[in-house]
Every structure is written in structure tokens, then in C-alpha cells.
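Here is a quick tour for someone meeting this structure for the first time. Have a look at it before reading on.

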Amino acid sequence: MVRKKKIAVVGTGYVGLSFAAVLSNVGYKVFAFDIDEEKIETIKKGKAYFSEKGLDELISSGLKKGLLVPTTSYEDYLHEADIVFSCVGTPDNCDGSSNLDHVFDVGKIVANLGKEGVIFVQKSTVPVGTGRKLMKVIEEENPNLRYSYISNPEFLAEGSAVYDTFKMDRVVLGGDSSEAIDYVLGLYKSINEGMEDIDLDAVSEFAHMYRAKNNGEEGFNVVKTNLESAELIKVTSNAFLSLKISFANSISLLCNQTGADINEVMDGVGMDKRIGRSFLYAGRGYGGGCFPKDVSGLISIAKEHGVDLEIMEASTSVNSKMPNEIIKEVKEKAGSLKNKRIALLGLSFKPGTSDVRKSPAIKLANLLIEEKAFVQTYDPKAMEEAEKELKDSVIYTSSIKEALEESDIVMIATEWPELTNYDYSKHINDIKDKLIVDCQNRLDKEKIKEQGFDYIGVGR
Ligand code: UDX
């Protein structure tokens, strides 16, 4: 019975920590490993070291049950684990390729400390071909270890990591051992069965971001493949989603010139089931720890194999110019931004997270600074993270109201509900240019105009 088994999760980032917390709440003993003492100390106190809806509660209850064991010591626990899920980071190298140092480190640790017959499951996003290389490393390190290796990419999105871990929409399992694949599949089924007591509504606020409303919610699809296909499915999915966004952003530039409204256009286009509405929301572009890195990683591995993925280069270039296009339009309407006070609302790369990695909102802040504007920022969750990036180049405030004080222009860079549902008309006299820039197209344009503001969206 799968449930009796002990599990190791290596790496306590968004993927690893959410997965470990969920598994410990459906009855598994889980060792959550990280090399960072500080992170493990925070988790031991019943908290994540980043903001993710519902995660702190699951960590606390996993700890209370004695089923979640956060640790930095592989020597103490790894040999007990029947399955090891590797969820370590794969940051990008300067040349756009993925840095796999941590991935190979975990391989060596499993080779040396892994239990006889252990199933080693790769959840980190790795370039196609990594699994075979890793198996070689393991076999060189410890030729006597009997083990199975599976690629099982993770598709959760930040802001809904807990929800997505319970309600995964598909499970992809690739490898040579069908026995190991079925074994891990059994574990996923048991998550689905074990979630009866979990209040999913409480963690679903950001679970349907950028998706068409009729998204199917029942069960999950299973895809069994060879090792290389599983590796490629993950990055190809992200690459395609990034293409959809960049496509919508390209068309939004045409909308700007013609009077069409990108939201209306994509509502109409997305009704075609062959296309779908999801991820066709135009705005200041995509950011975060996945899309930018996965796209550059895919371009890089394709190059290694002599394949030129021009289409992905185009996605990157459209994406990187969107913040500049917004600033250009603001300048066309408001004139020079020198010495203007801009209330920049929203800094995380998307709502529901404190993560500012490659956030287009941060890029907007930097472009405004280049224009010599004063930037007054506010974000519901990401202030601390943003300060590490923006240092003392902007003013940090603790509420929307404070950010709006003595401002000339308001820019909503990330569509947190707190920011998009706010009644800006209360402060119309504080906002000198009476201009609202809706960088993610979430405001009611007509209403804003009726209130006496000028409105700039992205393609509307
Ligand atoms: C993504 C994938 O969705 C997820 O399946 C994978 O496991 C990891 O990468 P994530 O990076 O958390 O998840 O966020 P996502 O919701 O996909 O958004 C990524 C970026 O694209 C955000 O900056 C978001 O604001 C932007 N975006 C998304 C758009 O600008 N328009 C859209 O239509 C969708």
C-alpha cells in the first residue's frame, strides 16, 4: 500500500514545500530537505518563507501530526525514504541555458544514501536529456544501487500552489520502469482520495487566473510517456503558454492603433474551442520564476541540437518590449515624466504571490526611474521582496491611499483584486494628471472615464 511508504522531498521552493505539506496532510511521513538552514528553521516554526495561500496552515498541521519533518540532514533521513522527489531550483545561466548543479547534486546524494530499490522522481524543470545524464552519474557514483528514475514534471502555478497540488489537472510520468510509474501514480491517486477533509475553497482564490471560466475540475488526466517526452512536455507547455500571451500582446499593439479593444477581441477569438480564451490576456507581459527561464532554456537546448526555435525568440522579444510600449503611451498622453510622481501599484509578477522574480512591474519601476519620475510603490504582499530589487530607488508605502498621495499618475502594474476593485474616484483630487494606467487590463474602462479619469490600457 503506497500510503505506508516514507517520502523524501528535496528542495523546499514553491513546488517542493507545497508538495511536502500536502503529502503530510494526507497521511504520509515526509522528510522535506533543504540545504538552507534559515529556510528549514522557518518551516519548523510552521510557516513558509514566501507567501502562498493556505500553505502555512498545511505546514503547521503536518508538523503537529508529526508527519512533516523539515531537515537539512540527508544523512539522518534519506536512507529511510522509499521515494525521493527532487524539486530543486534550476536557475538560468547567463547564456540562457539551465543551471543543473543542484539537480546533479541530488543525484549524487541519492546514489550514496538512497535506500535499495528507491524510486527517484524528477519534478524540477530540466532540459530534455537530463534524466539519462543523471542516471549515468548515479551509476558511476554507486554502481550497486538498485533504483528507478522517473520524470514527473510539475505544473502548479504560484498563488495557487496548494490548490494545484491537490487538484492537479494532469500527471505526466515518463521513464523506463512501468512498475515505478504505476507506483507513483498510486501516490497521486491517494492525494485525490485523501483530500476530503481539506477546504479547497479556502485556497482557490487565485486558482483560475488567466483561465477560461469553463475549465474542467473533475479528477486528473494521466500521461505515461518515455523519459525524454515527459521532460519536454513541461517546458513545451510553458513555452506555448508564453506564446499565447505574446501573441495577445502583439495584437494589443494593433488594437492601440485601430480602436479595437483587445479584451473584446480575445473574448471573441477565445470562444473558438480550438484556440481557447486562457492565457490570451494582454498586458505588461509575463514574468516569474518559470516562463522567462523555461523559454530561454528551451531555445538553448534546441540550439545544442542544431534546431533554431525562432518562434520562441519572438515570444521573448515581444514580452520584453511590453513595459516600454506602456511607458511610450503614457508619455504620449502625459508628456515628459521627469519629476512626475507615479503611484505604482502591484510589484509581484502576478497576483497571489510575493514573488518578484523577472516581474514586469519591477521593470516598469526601473523604466520610470530612467525617465526621472518619482515612484511611490505599494503591493499587498511583495514589498519586502521588491525592496531587495529596487533598493532606495523608489518610495515604499503601506497602503493604496498612501501611494496615491500627491501623485500625478496611477499605474496598476499587477492585478491584485485589492487594487483592481479599489474606488480611485475617492482620491481624484490627489491624482493631478487624473490618469490611470491599467497595465493588466482589469479595470472597467468606461466607469473610470465616467469618474473623470483619463484611461490607458494595453490595447484598449
Ligand atoms: C507557470 C505555469 O502556468 C505553470 O503551469 C508552471 O508549472 C509554472 O509556470 P506561474 O509562473 O506561477 O506558472 O504563473 P502563471 O499564472 O502562468 O503566469 C505567468 C506570467 O504570465 C505572469 O506574469 C502573468 O501575469 C502573465 N500572464 C499570464 C499574462 O500576462 N497573461 C495571461 O493571459 C496569462
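## Rings that group together

Which residues do ring pairs link into a cluster? The members are Tyr 210, Phe 279, Tyr 281, Tyr 286 and Phe 291. Rings of Phe, Tyr and Trp (its six-membered ring) pair if their centres lie within 6.5 Å; planes under 30 degrees apart are stacked, over 60 edge-to-face, and the rest tilted. Searching the whole structure turns up 13 aromatic pairs.

Tyr 281 also has Arg 277 over its face, 4.0 Å from the ring centre. Elsewhere, the charged end of Lys 123 sits over the ring of Phe 19, at 4.8 Å from its centre. (For a charge over a ring, NZ of Lys or CZ of Arg is within 6 Å of the ring centre and within 35 degrees of the ring normal.)

## What kind of model this is

This is a predicted model, where local features need pLDDT of at least 70, side-chain atom pairs count only at pLDDT 80 or more, and totals for chains, interfaces and linings use all residues. Residues are numbered from 1 along each chain as its sequence is written, and side-chain values use heavy atoms, leaving out hydrogens and water.

## Two domains meeting

The domain assignment, which is automatic or from a database, gives domain 1 (6–225) and domain 2 (241–456). In the contact (heavy atoms within 4.5 Å), 21 residues come from domain 1 and 25 residues from domain 2.

Between the two domains there are 2 salt bridges, meaning a side-chain nitrogen of Lys or Arg within 4 Å of a carboxyl oxygen of Asp or Glu. Lys 358 forms a salt bridge with Asp 92, with 3.1 Å between the closest N and O atoms.
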